[in-house]
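Please look over the sequence and the structure below.

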Amino acid sequence: MTATIAPAGVQITGLRKSYGSNEVLKGIDLTVNPGQVVCLIGPSGSGKSTLLRCINLLEQPNGGTIHVAGFDATDEDVDVDAMRAHVGMVFQQFNLFPHLTVLQNCTVAQEKVLKRSRAEAEAVARKHLSAVGLGSFQSRYPVELSGGQQQRVAIARALSMDPKLMLFDEPTSALDPETVGDVLAIMRGLAQDGMTMVVVTHEMAFAREVADHVVFMDRGVVVEQGHPDQVIGNPKEPRTQDFLRRVLDPTHVEVSRDTASVRTIENS
Ligand SMILES: Nc1ncnc2c1ncn2[C@@H]1O[C@H](COP(=O)(O)OP(=O)(O)O)[C@@H](O)[C@H]1O
Ligand SMILES: [Mg+2]
(Lines give C-alpha, C1' and ligand atoms only; values in the text may rest on other atoms or scores of the structure.)
(Ligands and ions follow the chains in the order given, each with its own letter.)
Protein backbone atom coordinates (compact mmCIF):
# COMPACT_ATOMS: atom_id res chain seq x y z
CA MET A 1 0.00 0.00 0.00
CA THR A 2 1.16 3.58 0.64
CA ALA A 3 4.91 3.95 0.88
CA THR A 4 5.62 7.00 3.02
CA ILE A 5 3.48 7.78 6.04
CA ALA A 6 4.64 10.55 8.33
CA PRO A 7 4.04 9.30 11.86
CA ALA A 8 2.15 11.34 14.41
CA GLY A 9 0.41 10.49 17.63
CA VAL A 10 -2.49 11.57 19.78
CA GLN A 11 -2.35 12.67 23.40
CA ILE A 12 -5.63 13.25 25.24
CA THR A 13 -5.93 14.22 28.89
CA GLY A 14 -9.04 14.77 31.01
CA LEU A 15 -11.34 15.04 28.00
CA ARG A 16 -14.91 16.02 28.87
CA LYS A 17 -17.89 16.41 26.58
CA SER A 18 -21.51 17.10 27.42
CA TYR A 19 -24.66 17.39 25.36
CA GLY A 20 -26.81 19.67 27.48
CA SER A 21 -26.84 18.14 30.96
CA ASN A 22 -25.76 14.73 29.61
CA GLU A 23 -22.03 14.29 30.20
CA VAL A 24 -20.98 11.59 27.72
CA LEU A 25 -17.18 11.82 28.17
CA LYS A 26 -16.20 12.06 31.82
CA GLY A 27 -12.47 12.70 31.82
CA ILE A 28 -10.81 10.51 29.19
CA ASP A 29 -7.05 10.00 29.04
CA LEU A 30 -5.72 8.36 25.90
CA THR A 31 -2.31 8.12 24.28
CA VAL A 32 -1.74 6.87 20.75
CA ASN A 33 1.93 6.69 19.90
CA PRO A 34 3.10 7.23 16.33
CA GLY A 35 2.59 4.06 14.31
CA GLN A 36 0.31 2.49 16.90
CA VAL A 37 -3.12 0.99 16.30
CA VAL A 38 -5.53 1.62 19.16
CA CYS A 39 -8.93 -0.08 19.14
CA LEU A 40 -11.81 1.43 21.11
CA ILE A 41 -14.41 -1.07 22.20
CA GLY A 42 -17.49 -0.80 24.39
CA PRO A 43 -21.28 -0.89 24.42
CA SER A 44 -23.44 1.36 22.29
CA GLY A 45 -23.79 4.81 23.83
CA SER A 46 -20.55 4.61 25.82
CA GLY A 47 -19.05 7.63 24.00
CA LYS A 48 -16.74 5.98 21.46
CA SER A 49 -17.92 8.02 18.46
CA THR A 50 -17.94 11.21 20.48
CA LEU A 51 -14.34 10.59 21.53
CA LEU A 52 -13.29 9.93 17.95
CA ARG A 53 -15.12 13.04 16.71
CA CYS A 54 -13.46 15.20 19.37
CA ILE A 55 -10.05 14.18 18.03
CA ASN A 56 -10.64 16.05 14.76
CA LEU A 57 -12.94 18.63 16.35
CA LEU A 58 -16.12 17.43 14.68
CA GLU A 59 -17.28 17.85 18.28
CA GLN A 60 -16.06 20.66 20.51
CA PRO A 61 -14.77 19.33 23.85
CA ASN A 62 -15.92 20.97 27.10
CA GLY A 63 -12.70 20.24 28.99
CA GLY A 64 -9.32 18.61 28.83
CA THR A 65 -6.58 18.74 26.22
CA ILE A 66 -6.08 17.06 22.85
CA HIS A 67 -2.84 17.04 20.91
CA VAL A 68 -3.08 15.47 17.48
CA ALA A 69 -0.67 15.27 14.56
CA GLY A 70 1.47 17.99 16.09
CA PHE A 71 -1.47 20.36 16.70
CA ASP A 72 -2.92 21.54 20.00
CA ALA A 73 -6.55 20.89 19.08
CA THR A 74 -7.88 22.51 22.23
CA ASP A 75 -5.99 25.77 21.67
CA GLU A 76 -8.67 28.23 20.60
CA ASP A 77 -6.32 29.59 17.92
CA VAL A 78 -5.69 26.19 16.32
CA ASP A 79 -5.95 26.11 12.52
CA VAL A 80 -8.74 23.53 12.36
CA ASP A 81 -8.59 23.08 8.58
CA ALA A 82 -4.83 22.53 8.61
CA MET A 83 -5.18 20.07 11.47
CA ARG A 84 -8.02 18.12 9.82
CA ALA A 85 -6.00 17.83 6.62
CA HIS A 86 -3.70 15.48 8.55
CA VAL A 87 -6.49 13.37 10.03
CA GLY A 88 -8.37 10.92 7.80
CA MET A 89 -11.76 9.71 8.95
CA VAL A 90 -13.79 6.72 7.82
CA PHE A 91 -17.40 6.42 8.96
CA GLN A 92 -19.78 3.51 9.39
CA GLN A 93 -22.02 4.87 6.60
CA PHE A 94 -19.13 5.66 4.16
CA ASN A 95 -20.33 9.27 3.59
CA LEU A 96 -19.24 9.35 -0.06
CA PHE A 97 -20.49 12.22 -2.22
CA PRO A 98 -23.30 10.55 -4.19
CA HIS A 99 -23.16 12.96 -7.15
CA LEU A 100 -19.42 12.46 -7.72
CA THR A 101 -17.67 9.52 -9.35
CA VAL A 102 -15.33 7.30 -7.39
CA LEU A 103 -12.34 9.21 -8.80
CA GLN A 104 -13.89 12.62 -8.08
CA ASN A 105 -14.68 11.53 -4.53
CA CYS A 106 -10.94 10.96 -4.09
CA THR A 107 -9.76 14.19 -5.78
CA VAL A 108 -12.12 16.95 -4.64
CA ALA A 109 -10.53 17.57 -1.22
CA GLN A 110 -7.02 17.19 -2.61
CA GLU A 111 -7.73 20.03 -5.03
CA LYS A 112 -9.69 22.23 -2.63
CA VAL A 113 -7.73 21.76 0.60
CA LEU A 114 -4.25 20.70 -0.54
CA LYS A 115 -4.40 22.85 -3.73
CA ARG A 116 -3.14 20.01 -5.87
CA SER A 117 -3.60 20.22 -9.62
CA ARG A 118 -6.31 18.04 -11.16
CA ALA A 119 -3.67 15.82 -12.78
CA GLU A 120 -1.71 15.35 -9.59
CA ALA A 121 -4.85 14.69 -7.53
CA GLU A 122 -6.01 12.09 -10.04
CA ALA A 123 -2.65 10.35 -10.02
CA VAL A 124 -2.68 10.15 -6.22
CA ALA A 125 -6.30 8.95 -6.20
CA ARG A 126 -5.60 6.25 -8.79
CA LYS A 127 -2.69 4.96 -6.76
CA HIS A 128 -4.88 4.56 -3.67
CA LEU A 129 -7.88 3.18 -5.59
CA SER A 130 -5.62 0.53 -7.13
CA ALA A 131 -4.24 -0.32 -3.70
CA VAL A 132 -7.74 -1.03 -2.39
CA GLY A 133 -8.54 -3.10 -5.47
CA LEU A 134 -10.80 -0.57 -7.18
CA GLY A 135 -8.58 0.69 -9.98
CA SER A 136 -11.21 -0.19 -12.57
CA PHE A 137 -14.09 1.53 -10.72
CA GLN A 138 -12.97 5.16 -11.15
CA SER A 139 -15.90 6.25 -13.32
CA ARG A 140 -18.61 4.56 -11.29
CA TYR A 141 -20.93 6.36 -8.90
CA PRO A 142 -21.22 5.27 -5.26
CA VAL A 143 -24.75 3.93 -5.75
CA GLU A 144 -23.36 1.42 -8.26
CA LEU A 145 -21.02 -0.12 -5.69
CA SER A 146 -21.53 -2.60 -2.87
CA GLY A 147 -21.14 -1.40 0.69
CA GLY A 148 -17.72 -2.99 0.97
CA GLN A 149 -16.58 -1.31 -2.25
CA GLN A 150 -17.92 2.04 -1.06
CA GLN A 151 -16.03 1.69 2.18
CA ARG A 152 -12.85 0.89 0.26
CA VAL A 153 -13.39 4.10 -1.75
CA ALA A 154 -13.85 5.99 1.51
CA ILE A 155 -10.51 4.63 2.73
CA ALA A 156 -8.80 5.50 -0.57
CA ARG A 157 -10.32 9.00 -0.37
CA ALA A 158 -8.95 9.51 3.14
CA LEU A 159 -5.51 8.17 2.19
CA SER A 160 -5.37 10.45 -0.85
CA MET A 161 -4.94 13.35 1.60
CA ASP A 162 -1.69 11.82 2.95
CA PRO A 163 -2.99 11.74 6.53
CA LYS A 164 -0.70 11.30 9.51
CA LEU A 165 -3.49 9.62 11.43
CA MET A 166 -6.57 7.61 10.48
CA LEU A 167 -9.77 7.45 12.53
CA PHE A 168 -12.23 4.62 11.82
CA ASP A 169 -15.72 4.61 13.38
CA GLU A 170 -17.15 1.09 13.09
CA PRO A 171 -16.04 0.85 9.45
CA THR A 172 -17.47 -2.64 8.93
CA SER A 173 -20.68 -2.44 10.97
CA ALA A 174 -22.88 -1.54 7.99
CA LEU A 175 -21.38 -4.13 5.62
CA ASP A 176 -22.66 -7.45 4.38
CA PRO A 177 -20.71 -10.15 6.20
CA GLU A 178 -18.96 -11.36 3.03
CA THR A 179 -17.43 -7.93 2.35
CA VAL A 180 -16.18 -7.27 5.90
CA GLY A 181 -12.98 -9.25 5.32
CA ASP A 182 -11.89 -7.10 2.35
CA VAL A 183 -12.14 -3.91 4.39
CA LEU A 184 -10.40 -5.43 7.40
CA ALA A 185 -7.60 -6.69 5.14
CA ILE A 186 -6.99 -3.16 3.88
CA MET A 187 -6.92 -1.84 7.43
CA ARG A 188 -4.52 -4.59 8.45
CA GLY A 189 -2.23 -3.61 5.56
CA LEU A 190 -2.33 0.04 6.59
CA ALA A 191 -1.38 -0.91 10.13
CA GLN A 192 1.52 -2.99 8.84
CA ASP A 193 2.68 0.01 6.79
CA GLY A 194 2.96 1.96 10.02
CA MET A 195 -0.13 4.15 9.87
CA THR A 196 -1.26 5.55 13.21
CA MET A 197 -4.85 4.42 13.65
CA VAL A 198 -7.70 4.76 16.13
CA VAL A 199 -10.40 2.22 15.36
CA VAL A 200 -13.82 1.89 16.95
CA THR A 201 -14.85 -1.68 16.24
CA HIS A 202 -16.86 -4.67 17.38
CA GLU A 203 -14.55 -6.98 15.41
CA MET A 204 -12.80 -8.56 18.37
CA ALA A 205 -10.66 -10.94 16.31
CA PHE A 206 -9.34 -7.97 14.31
CA ALA A 207 -8.71 -5.93 17.46
CA ARG A 208 -6.90 -8.80 19.09
CA GLU A 209 -4.70 -9.41 16.05
CA VAL A 210 -3.97 -5.87 14.84
CA ALA A 211 -4.26 -3.52 17.84
CA ASP A 212 -1.22 -2.55 19.87
CA HIS A 213 -3.54 -1.28 22.56
CA VAL A 214 -7.22 -1.82 23.35
CA VAL A 215 -9.38 0.62 25.30
CA PHE A 216 -12.69 -0.54 26.79
CA MET A 217 -15.10 2.34 27.41
CA ASP A 218 -18.41 2.30 29.21
CA ARG A 219 -20.67 5.25 30.08
CA GLY A 220 -18.11 7.90 29.27
CA VAL A 221 -15.12 6.50 31.12
CA VAL A 222 -12.21 4.23 30.25
CA VAL A 223 -12.90 1.12 32.32
CA GLU A 224 -9.88 -0.91 31.26
CA GLN A 225 -7.08 -0.60 28.74
CA GLY A 226 -3.96 -2.47 27.79
CA HIS A 227 -2.57 -5.08 25.44
CA PRO A 228 -5.29 -6.89 23.45
CA ASP A 229 -4.28 -10.25 24.91
CA GLN A 230 -5.06 -8.84 28.32
CA VAL A 231 -8.15 -6.68 27.69
CA ILE A 232 -9.83 -9.07 25.24
CA GLY A 233 -8.16 -12.33 26.23
CA ASN A 234 -8.17 -11.96 29.99
CA PRO A 235 -10.20 -8.92 31.09
CA LYS A 236 -9.94 -7.88 34.74
CA GLU A 237 -13.01 -5.70 35.11
CA PRO A 238 -16.50 -7.26 35.44
CA ARG A 239 -17.95 -4.70 32.99
CA THR A 240 -15.36 -5.68 30.37
CA GLN A 241 -16.02 -9.37 30.98
CA ASP A 242 -19.77 -8.86 30.62
CA PHE A 243 -19.39 -6.83 27.40
CA LEU A 244 -17.05 -9.37 25.81
CA ARG A 245 -19.34 -12.24 26.74
CA ARG A 246 -22.15 -10.53 24.85
CA VAL A 247 -20.03 -9.51 21.83
CA LEU A 248 -18.18 -12.78 21.42
CA ASP A 249 -21.34 -14.87 21.81
CA PRO A 250 -24.29 -13.00 20.31
CA THR A 251 -26.55 -15.96 21.07
CA HIS A 252 -25.73 -15.64 24.77
CA VAL A 253 -28.95 -15.26 26.75
CA GLU A 254 -29.06 -13.09 29.85
CA VAL A 255 -30.60 -15.77 32.06
CA SER A 256 -31.46 -13.53 35.00
CA ARG A 257 -33.21 -10.97 32.84
CA ASP A 258 -35.05 -13.70 30.96
CA THR A 259 -36.36 -15.46 34.03
CA ALA A 260 -37.39 -12.05 35.39
CA SER A 261 -39.47 -11.36 32.30
CA VAL A 262 -40.92 -14.86 32.37
CA ARG A 263 -41.90 -14.26 35.98
CA THR A 264 -43.47 -10.95 35.05
CA ILE A 265 -45.59 -12.62 32.41
CA GLU A 266 -46.59 -15.46 34.76
CA ASN A 267 -47.56 -13.00 37.47
CA SER A 268 -49.60 -10.71 35.26
N1 LIG B 1 -25.16 15.17 18.73
C2 LIG B 1 -25.60 14.67 19.89
N3 LIG B 1 -26.51 15.31 20.64
C4 LIG B 1 -26.95 14.81 21.80
N5 LIG B 1 -26.54 13.64 22.34
C6 LIG B 1 -25.62 12.95 21.65
C7 LIG B 1 -25.10 13.40 20.38
N8 LIG B 1 -24.21 12.49 19.93
C9 LIG B 1 -24.17 11.51 20.84
N10 LIG B 1 -25.00 11.77 21.88
C11 LIG B 1 -25.21 10.94 23.08
O12 LIG B 1 -23.93 10.72 23.64
C13 LIG B 1 -23.83 9.39 24.15
C14 LIG B 1 -22.64 8.71 23.52
O15 LIG B 1 -22.88 8.54 22.13
P16 LIG B 1 -21.79 7.96 21.14
O17 LIG B 1 -20.53 8.70 21.31
O18 LIG B 1 -22.41 7.96 19.79
O19 LIG B 1 -21.61 6.48 21.69
P20 LIG B 1 -21.07 5.17 20.96
O21 LIG B 1 -20.36 5.60 19.73
O22 LIG B 1 -20.19 4.53 21.97
O23 LIG B 1 -22.28 4.33 20.67
C24 LIG B 1 -25.15 8.72 23.84
O25 LIG B 1 -25.96 8.78 25.00
C26 LIG B 1 -25.73 9.57 22.75
O27 LIG B 1 -27.13 9.54 22.78
MG1 LIG C 1 -20.65 5.08 17.75
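## The shell around ligand 1

Helix α1 gives the most to the shell around ligand 1, with 3 residues. This is a predicted model. Helix α1 covers residues 48-55. Strand β2, residues 22-32, also supplies at least two residues of the shell.

Which residues surround ligand 1? They are Tyr19, Asn22, Val24, Pro43, Ser44, Gly45, Ser46, Gly47, Lys48, Ser49 and Thr50. By type, the shell divides into 3 nonpolar, 7 polar and 1 charged.

## Polar contacts with the ligand

A polar backbone atom of Gly47 is 3.0 Å from an oxygen atom of the ligand. Lys48 uses its side chain: a polar atom there lies 2.7 Å from an oxygen atom of ligand 1.

How much of ligand 1 does the protein bury? Taken alone, the ligand exposes 560 Å². The protein buries 58% of that.

## Tyr19, a shell residue in a strand

Tyr19 is one of the residues around ligand 1. Tyr19 sits in strand β1, which runs over residues 10-19. Is Tyr19 buried, exposed or partly exposed? Tyr19 counts as partly exposed, because its relative accessibility is 36%, between the 20% and 50% limits.

Asn62 is 43 residues apart from Tyr19 in sequence. In space, their C-alpha atoms are 9.6 Å apart.

## The recorded domain

The UniProt entry, which is unreviewed, lists residues 10-244 as "domain: ABC transporter". In the model, this span is 36% helix and 26% strand.

How many disulfides does the structure hold? The count is 0. Take Cys39. The closest cysteine sulfur belongs to Cys54, and it is 19 Å away, so the two are too far apart for a bond. A disulfide needs the sulfur atoms within 2.5 Å. Cys54 is likewise in no disulfide, with the sulfur of Cys39 as its nearest.

Cys39 counts as buried because its relative accessible area is 0%. Cys54 is buried too, at 0% relative accessibility.

Most residues other than glycine have a negative phi. Which way does Glu170 go, positive or negative? Glu170 has a positive phi of about 45°, although it is not a glycine. Glu170 lies in the loop between β7 (165-169) and α6 (177-192). With a relative accessible area of 15%, Glu170 is buried, since the cut-off for buried is under 20%.

Arg219 also has a positive phi, of about 50°, and is not a glycine. Its place is the loop between β9 (213-218) and β10 (221-226). Is Arg219 buried or exposed? Arg219 counts as exposed, because its relative accessibility is 57% and exposed means over 50%.

Val198 is found in strand β8, which covers residues 196-200. Val198 is buried, with a relative accessible area of 0%. Phe168 is 30 residues away from Val198 along the chain. Their C-alpha atoms are separated by 6.3 Å.

Thr201 lies in the loop between β8 and α7, a helix of residues 204-210. Thr201 is buried as well, at a relative accessible area of 3%. What does the side chain of Thr201 reach? It reaches the backbone nitrogen of Glu203, at 2.9 Å.

## Ala154 in helix α5

Ala154 belongs to helix α5, residues 147-159. Ala154 counts as buried because its relative accessibility is 2%. How many residues separate Ala154 and Phe91 along the chain? They are 63 residues apart. Their C-alpha atoms are separated by 8.3 Å.

Methods:
Residues are numbered from 1 along each chain as its sequence is written. Chains are lettered from A and ligands numbered from 1 in the order in which they are written. This is a predicted model: local features need pLDDT of at least 70, side-chain atom pairs count only at pLDDT 80 or more; totals for chains, interfaces and linings use all residues. Side-chain values use heavy atoms; hydrogens and water are left out. UniProt positions are given in the numbering used here, feature names are shortened, and annotations may be inferred rather than shown by experiment. Helices (H or I, at least four residues) and strands (E, at least two) are DSSP runs, numbered from the N terminus. Buried means under 20% relative accessible area, exposed over 50%, partly exposed in between (1.4 Å probe, protein chains only). A residue is near a molecule or strand if one of its heavy atoms lies within 4 Å of it. A polar contact is a pair of N or O atoms within 3.5 Å; within protein, one must be able to donate a hydrogen and the other to accept it, and residues adjacent in sequence count only if both atoms are side-chain atoms. Accessible areas come from the Shrake-Rupley method with a 1.4 Å probe; for residues, only the protein chains shown count as cover. Ala, Val, Leu, Ile, Met, Phe, Trp, Tyr, Cys and Pro count as nonpolar, Asp, Glu, Lys and Arg as charged, and the others, Gly among them, as polar.
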